[in-house]
Amino acid sequence: MSTAVGYAAVAGQVVLVGAGAPVVTGWMRQVRARLEGRAGAGVLQPWRDARKLLRKEPITPVGTGPAFRTAPALLVATTAVAAALVPLLSTDTPVSSHADLILVVALIALGTMALALAGLDTGTAFGGMGASREMTVAALVEPTILLSVFALSIPAGTTNIPAIVSGAAHEPARLASPAGLLATAALAVAVLAETGRIPVDNPSTHLELTMIHEAMVLEYAGPDLALVELGAQMRLTLLLGLLSSLFVPWGIATGSSWVALGVALVLFAAKICLLGAVLAAAEVFWAKVRLFRVPELLAGSFLLALLAVTASYFLSGVS
Amino acid sequence: MRNTHDIDVTELPQRAEELLTGGHRLALVAAHHDEHGLRVVYLFVAGPPDTRTELHVRLAPNQPEAVPTLAHLSFPAGRFEREMRDLFGIVPLDHPLPRRLVRHFHWPRGWYPMRPQAGPTPAFGEQEGPYPFLEVEGDGVYEIPVGPVHAGLIEPGHFRFSVVGETILKLKARLWFVHRGVEKLFQGRSVAAGLPLAERISGDTAVGHALAYCLAVEEATGTEVPLEAQNARAMLLELERIHNHVADLGMLCNDVGHGILNAHAQRVREQLLRLNKEVTGHRLLRGGVVPGGAALHALPDLVRLKAIGEDIREIADLALGHSTVHDRFTGTAILHTEAARTIGCLGYVARASGLGADARITHPFTPYDDTRLTVPVHDSGDVLARFLVRAEEIDVSLALIEHFTEGLSAPMAVLAPPSASGTTTLRTGVGLVEGWRGSITTRVELAPDGTLARVKPVDPSFFNWPALPVALADTIVPDFPLTNKSFNLSYAGNDL
């Protein structure tokens, strides 16, 4: 019985992230449109876009190799695996023992890497430019994510995410500690950078020269583009889910009951919608910083992560 | 008001130098095919007081089709000469940069579209040959080609960036993808049939180009336009300035990822376009300015304009008060005063770099004396300065609209009484108008039968385009779209 719930939880996580990600993106766009006084295209627009793209014929540019062709599938696959590992619905699943935070970060980085290679593979100026910018940002984001992970794993004594999450759910004081708050802030900035949101990148721009993520995928069309967009949307949902699991862990099923799983599902959807709405609302008030200011922003978040680690050493008495 | 001097071709450089050092600027160069050979007209203007001086150089049929270059005296002159060479085949002698300007490499060799015997466009035949870009070489230098087809709804232009890291070492803009042969299309039309063409030289400058055309035609025909019509025209000119400025203020915010201000700026623009439709029957103000007068369906609602003005002021204040937006604008793509002066920049680009020229002051077509017209000038030359100049110009324009609307009644169609024409001499006229982009110059020559023999419009974009790469030196690539939008030059007005 318990394994049945566990498998259901894993399957639920993957399906929820896969099917829900476009809706989350549509929801964020809709929130933003309404706040800006526009009508908006509706929550389901990303799914309609995907349907349109899937009906088109697949086209690949002349001279591209396996890196270009496998990247969309690799991006979606790594994100799906990460979605299975991260305790979005339940901390007690058959894969819980493998759900190491470093592994999840590595999976996400693998997806980024695949897209950057695909950008380079096209041989166009934009692909190369986008890949170079994406790698610059990624190189600055990775240490921040790893450091905030350490800050969180120190009180739990492990880098296993389900253990961190269930520990925090039972002992909320860990989250309210300076280390927890600093790590939250650092990870939030890192998530913004990793998912290409304002103020680091502008996902809705049409200006090729300012793009980071979009510049890498300019050459994709049809079903491949649909996959790339789905991958990017899944990453956003997954990272928002990771943030909420780490810092608002309440409601995630820790046992093996169907009821708890159902509650977790509803709460997860609510948390993601709320977090997405907050992010969309914040984006209305922000503007994109100059590209050369991005390292300053990320250095700031790195500093926060570093402080979080320091704080968790000094304040928790672990030495 | 306009002095015409027929001079010998050898005198040209000396006379031009005298005029340029005497405070004139070269506003227009137009070649003509007369019965007895070629004639090149150089129009120099200065003001105030409104001074216009023309130098006419005649080339007899037995003389070579060549003129001495003025490129060493004036940068715009060099560009006019290159344009003339490409369209007429008149060679500027000793030109320091004798490369093609208008002609793309697929144009047939030896075919000059403005020559009378040019005929219809021939099939692409023997090409002019390759037209390579200058390659910047060095460690880590790479090229980014952009366009001519862009991701946004903008006009076509090809930009070739030579970049090291993210810093632009050199930008080469290759335009001239939208050559429609406007000058040729004017020839042989009646004055009335020329108006729709003038309104479409650059779609966003319908009033500016129509007005410059009408002023030129009226000078050529000796038409006295009533003051009421001139004031209505001045009012329309400012309406056009506002709706273009407000759209660009919004788009500048959008280009730095601050979309909400763009949404509101476009909302305000839509209100203005609807107001335009009430006033002239066309959202872009076509049909308001007509040869000999002006036609209004209604007067602009000043109460609504006041509310719109407050809206715009709030949008501009919010943009400037936003630390990230302000930071993105400040110090980006600086065009220094000296560079702007040498290149011959006009309009808000010049006024953001400390040059306060404005045709409403130097060449007024209706009295601006008691309007308290102030020309906003900033001297930092960056995107912020261009933003500020345009935001402040909106306030000035609103005050002008209020001033000129007084004493007008609507609906109105004021036309000058038809002048006693019938003289058989070649009649010429020049129109100078401060359009929203800058000073527009149009020179018209009428044939004895009253049709248009030659119309040469010059959009300020023709002067301002070379300033864009200069301002972009040492700017980073992601700031290019912002800079381009802050200049917002016309491709069609430049190309004709």
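What follows is a set of questions and answers on the two chains.

Student: Before we start, what kind of model is this, and how are things labelled?
Tutor: Residues count from 1 along each chain as its sequence is written, and chains are lettered from A and ligands numbered from 1 in the order in which they are written. Local features need pLDDT of at least 70, side-chain atom pairs count only at pLDDT 80 or more, and totals for chains, interfaces and linings use all residues, this being a predicted model.

Student: How many helices and strands does chain A have?
Tutor: Helices here are DSSP runs of H or I with at least four residues, strands are runs of E with at least two, and both are numbered from the N terminus. From the N terminus on, chain A reads α-α-α-α-α-α-α-α-α-α-α-α. The count is 12 helices and 0 strands.

Student: What is the radius of gyration of chain A, and how does it sit with the globule rule?
Tutor: The rule is 2.2 Å times the number of residues to the power 0.38, and the radius is taken over C-alpha atoms. For 319 residues the rule gives 20 Å, and chain A comes close to that, so it is as compact as a globular protein of that length; its radius of gyration is 19 Å.

Student: What percentage of chain A is buried?
Tutor: A residue is buried if 20 or more other C-beta atoms lie within 10 Å of its own, exposed if 12 or fewer, and partly exposed in between, with C-beta atoms placed from the backbone. Over the 319 residues of chain A, the buried share is 52%.

Student: Why is helix α6 (residues 161-170) of chain A described as largely enclosed, and which elements do its buried residues pack against?
Tutor: It is largely enclosed by the rest of the structure because 7 of its 10 residues are buried. Those residues include Ile161(A), Val165(A) and Ala168(A). The buried residues of α6(A) pack against α4 (101-121), α5 (125-156), α7 (173-176) and α10 of chain A.

Student: Phe247(A) is in α10(A). Which residues does Phe247(A) contact, leaving aside its neighbours within four places in sequence?
Tutor: Helix α10 of chain A covers residues 222-247. Phe247(A) is partly exposed, because it has 17 C-beta neighbours inside 10 Å. Its C-alpha is 8.0 Å from that of Ala168(A), 79 residues away in sequence. Taking contact as C-beta atoms, placed from the backbone, within 7 Å, the partners are Leu175(A) and Thr184(A).

Student: On to chain B: which element gives the largest share of the side of domain 1 that touches domain 2?
Tutor: Domain 1 is 2-118 and domain 2 is 210-455, with bounds from an automatic or database domain assignment. In the contact, 16 residues of domain 1 meet 12 of domain 2. β2 (25-34), β3 (37-46) and α2 (75-88) of chain B each supply at least two residues of the domain 1 side. The largest share, 5 residues, comes from β2(B).

Student: Which residues form the covered face of strand β8 (residues 158-164) of chain B?
Tutor: Two strands pair if DSSP finds at least two bridges between them. β8(B) pairs antiparallel with β7 (residues 141-146) over 6 bridges, and 7 bridges join β8(B) to β9 (residues 167-174), also antiparallel. The uncovered face of β8(B) holds His158(B), Arg160(B), Ser162(B) and Val164(B), while the covered face is Phe159(B), Phe161(B) and Val163(B).

Student: Which residue in the turn between β8(B) and β9(B) has a positive phi?
Tutor: The two strands form a hairpin with 2 residues between them. Val164(B) stands opposite Thr167(B) in β9(B). The turn residue with a positive phi, about 65°, is Gly165(B).

Terms used:
Contact = placed C-beta atoms within 7 Å.
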